[in-house]
Amino acid sequence: MRVAFVSPMPPARSGIADYSAALAEELGKLIELEIISEPPPEFAAEQYDSVLYQAGNNPYHAFVYRMALAHPGVVVLHEANLHHLLADMTIGAGDWDGYVAEAEYNGGPAARAYAERVRARQVPPDYQGLPLTRRLLERARGLVV
């Protein structure tokens with residue numbers, strides 16, 4: 001079995017990177033494992049029997065999130081909430097429209113209205129109330145939590 005293992009790895013300052021290094025070492029004894037620890041210039045998911053994504057809630061996981069949407073596979077969701085990650089990927093990049101759209105996709109019109117208030121700097125992002133996981137969960141072929 002050939003598996004693409006997509007995760008930040010050490011020296012990334014992430015507990016998930018450390019966990020992934022330990023897990024990949026053991027998995028590599030059982031299957032053919034290719035570790036992808038940064039966005040590849042090209043990725044052919046069809047070359048693998050499965051793609052295993054390690055998804056966390058910090059900027060080290062932006063490439064994991066993007067790849068998981070583009071090439072669905074099995075997602076290991078280390079966090080029940082990805083709002084900080086998505087805020088960094090959108091607001092942090094100056095993409096307010098993307099943030100508002102993601103809030104609406106996840107929480108409907110009320111979440112969109114709140115996100116517009118965030119854009120207007122009236123309130124902080126609803127980090128605890130809106131987990132922003134819907135898009136990733138809908139695209140995943142499997143989920144481990």
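Helices (H or I, at least four residues) and strands (E, at least two) are taken as DSSP runs and numbered from the N terminus. The structure is a predicted model, in which local features need pLDDT of at least 70, side-chain atom pairs count only at pLDDT 80 or more, and totals for chains, interfaces and linings use all residues. Residues are numbered from 1 along each chain as its sequence is written, and side-chain values use heavy atoms, with hydrogens and water left out.

Glutamine 122 is located in the loop between helix H4 (96-119) and helix H5 (134-139). Its relative accessibility of 55% places glutamine 122 in the exposed class (buried, under 20% relative accessible area; exposed, over 50%; partly exposed, in between; 1.4 Å probe, protein chains only). A C-alpha separation of 31 Å is found between glutamine 122 and valine 64, which are 58 residues apart along the chain. Arginine 121 belongs to the loop between H4 and H5 and is exposed, at 63% relative accessible area. The phi angle of arginine 121 is near 65°, a positive value in a residue other than glycine. Leucine 132, in the loop between H4 and H5, likewise has a positive phi, near 55°, but is buried at 1% relative accessibility. Most residues other than glycine have a negative phi, and most peptide bonds are trans. A cis peptide bond, with omega about 20°, joins proline 10 and proline 11; proline 11 lies in the loop between strand E1 (2-6) and helix H1 (15-27).

Threonine 133 is also placed in the loop between H4 and H5 and is buried, with a relative accessible area of 10%. Apart from neighbours within four places in sequence, threonine 133 contacts Ala80, Asn81, Leu82 and Asn106 (contact: heavy atoms within 4.5 Å).

Helix H2 (residues 62-70) packs against helix H3 (residues 83-90) at an angle of about 90°, and the two axes are 10 Å apart. H2 is therefore roughly perpendicular to H3 (under 35 degrees, roughly parallel; over 145, roughly antiparallel; 65 to 115, roughly perpendicular; the rest, oblique). Ala62, Tyr65 and Arg66 of H2 form the contact with Leu85, Leu86 and Met89 of H3. Axes are lines fitted to C-alpha atoms, for helices over the stretch in contact, and angles run from 0 to 180 degrees between N-to-C directions. H3 is largely enclosed by the rest of the structure, because six of its eight residues are buried. These are His83, Leu85, Leu86, Ala87, Met89 and Thr90, and they pack against H2 and H4.

Nine salt bridges are found in the whole structure (a side-chain nitrogen of Lys or Arg within 4 Å of a carboxyl oxygen of Asp or Glu). A network of salt bridges links Asp97, Glu104, Arg112, Glu116 and Arg119. Within H4, arginine 112 and glutamate 116 are four residues apart, and so are separated by about one helical turn; their salt bridge has an N to O distance of 3.5 Å. Glutamate 116 also pairs with arginine 119, the closest N and O atoms being 3.0 Å apart. Arginine 119 additionally forms a salt bridge with aspartate 97 (3.0 Å, N to O). Aspartate 97 is exposed, at 53% relative accessible area, whereas arginine 119 is partly exposed, at 27%.
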